[in-house]
Amino acid sequence: MTDLAQDLLSSFVVAEAGLNGAKNLGVVNMRKEALDRFEAAGFPTTRDEEWKYTNLKPVLKHDYKIMLKSESAVSFGDIKQYLLSDLDTYKLVFINGKYSSWLSESTHQSYDICTFAAALNKYPDVLAEYLGKAAPAGETFVDLNTAFADDGAYIRVKANQTVDKPIEILYITTDENGTSFSQNRNLIIVEQNAEVQILERHQNLGNTESFTNFVSEVFAARDARVSYYKVQNDSDKASLVDNTHVKQATGSNVHVGTYSFGGKLVRNNLHFYSGGEHAESHMDGITIIGDGQTVDHHTLVDHQEPNCYSRELYKGIYLGKSHGVFNGKVLVRQKAQKTNAFQQNDNILLSDKAKVDTKPQLEIFADDVRCSHGCTVGQLDKNALFYLRSRGIPKREAQGLMTYAFASDALEYIKIPQLEKRLNGVIAEKLGINLEFAL
Amino acid sequence: MIKIKDLQARVEEKEILRGINLEINPGEVHAIMGPNGSGKSTLSSVIAGREDYEVTGGAIYFEGEDLLDLDPEERAHKGIFLSFQYPVEIPGVTVSNFIKTAINESRKGRGEEPMEAREMLAKMREKTALLEMDKSYLSRSLNEGFSGGEKKRNEIFQMAMLEPKLAILDETDSGLDIDALRIVANGVNKLRSEDNAVVVITHYQRLLDYIEPDFVHVLYNGKIVKSGDKNLALELEAKGYDWIKAENA
């Protein structure tokens, strides 16, 4: 057992004392059980098949503070650049894991856009119905989060409502606690025929290491529509394990876009459970990383019912000594006839030192399905590069143009133009080019 | 305009050009013909600066300046244009944005200001009309899903926009039906002037019926083995290349 695991176990005793007398006994018991499972399993190592390509050891070795203090000195000016300034949004801002009412703009008018901490006390029935029902017990990081998480975003959109503006969720870490280990949790419930757009990012503002073990559970009821965008462009001191679990009912349409440009180590465990006919599951993303960075996308689409569609498109661009992992599992259960599942992962290595491990994984138990998958790893086409240069476009711009052209179709499903523009700006910056030609 | 002296080049370990000598002056049209594998495309690639080819001897001077040390983009800025035999598809970049970038990067390379948007637009309109292209071309992704003929026409459109001093057309006639061939050739002819020169690389006489050359050269085994006027092309069309091969065996 690692030192960190030991620290977590002893911290829980303290945390548990604080839970005594809590109203929500169901949650308290859930936490205890989850911790027991974590104690038995410990952190995964590269000997675990699911963690074969990503070694957590170097990022787990730090002496993390587990029970974190918030910080009041963070001002709107400090976080402004991490929000979409040209867009009116609801905002849920957390500093060192704790909700900041000062920096946030929540609402209870016709829909609940507030905090998980508040929901724990206010809505025990809702929590009993949903908490832990999408994110499966038995996954180490989910269990650990279940045991500890006491704040995060709580979003509940009632039937037939469309949230009037997007919701931005921002998780900020500061130096206040030294190296810090954060565990927040989102609970997002979108009822029948309701619609919501969510943007989310984690940002370490400090100079010390941070590790975030994050869980987000999304429930899309019949015909609900959810767009959920994750912008990952954290400092090279920050590591993140993002566990996002989406449960879909009949006719629902959920898109999760993951745009990974930074962080030391980012692992995205993104799972869709397609549990009603004619559900659509979309997941896509762009990864552009450089020296010393790792981004690992582990996705699962679990087709449980007939006539569903899933689309998965991940593009990766690797510079310097970076490492990308893609493991895309598509499970089509016996009952899920007429499933249409598409999966594609394309990667470009712009450096000799960059490395990609990509693995499609299909498990199909139904006989009348359409499942396609493909993965490519390559370099920029020399012939195309020469073509552009021969027309007067300098090498660097030509590379940028081609790289952008390679990646840009993974942005097609974004419904917020301001976000697309922002991402284009980040892509241009990461590739060191001017993208005017492409926009 | 361009002087090629004893040019030798190879790709990997294979010698392809074995001493090319050629001089082209402003206002001239030269045709380079020859059997497959004789080095025609290599010659055009080496002039344009493709890095896969290693120049092992000789020199190329463009307007008196040594060309071989320059990057492909620098050669383009000086006014060299290569129309590709197989134009590359670039999804996600429209024809109009691409050509705007190419023009303004070339101007930047020459120390000039970017072209005014209004002028750019007017020019695009004029040149699409010249090549009988529908304006919708401009908003399509570069060469993506273009037919063979559309790709070649798009090459000449770019040539018309960039107004090079020396244009090298590498098998621009391949894959064109007779109507497209006429349109492309007509476009090239309209762009000819006293100040620029055109090199037409082709297997067949067909294109030369439309673009009349001042000189015809036969490339065989990495050398120019015969030069003449337009009648040489007619002779090749009638007799094939075997007699050239026999003469140079």
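Among contacts in chain A between residues at least 6 apart in sequence, what percentage join residues at least 24 apart? The share is 83%. This report describes a predicted model, taking chain A and then chain B.

## Chain A: elements and dimensions

Ten helices and 20 strands are found in chain A. Its C-alpha trace extends over about 75 × 50 × 45 Å when followed along the principal axes.

The radius of gyration of chain A is 21 Å. This agrees with the value near 22 Å that a compact globule of 439 residues would have.

## Chain A: burial and contacts

In chain A, 52% of the 439 residues count as buried. As stated in reply to the opening question, 83% of the contacts between residues at least 6 apart in sequence link residues at least 24 apart.

## Chain B: elements and dimensions

Chain B contains eight helices and twelve strands. Its radius of gyration is 18 Å, close to the 18 Å given by the globule rule for 249 residues, and chain B is therefore as compact as a globular protein of that length.

Along the principal axes, the C-alpha trace of chain B covers about 55 × 40 × 35 Å.

## Chain B: burial and contacts

Of the 249 residues in chain B, 42% are buried. Where contacts in chain B have a separation of 6 or more, 72% of them are between residues 24 or more positions apart.

Terms used: Residues numbered from 1 in each chain as written. Chains lettered and ligands numbered in written order. Predicted model: local features only at pLDDT ≥ 70, side-chain atom pairs only at ≥ 80, totals over all residues. Helix = DSSP H or I, 4+ residues; strand = E, 2+ residues; numbered from the N terminus. Rg over C-alpha atoms; globule rule 2.2 N^0.38 Å. Buried ≥ 20, exposed ≤ 12 C-beta atoms within 10 Å, placed from the backbone. Contact = placed C-beta atoms within 7 Å.
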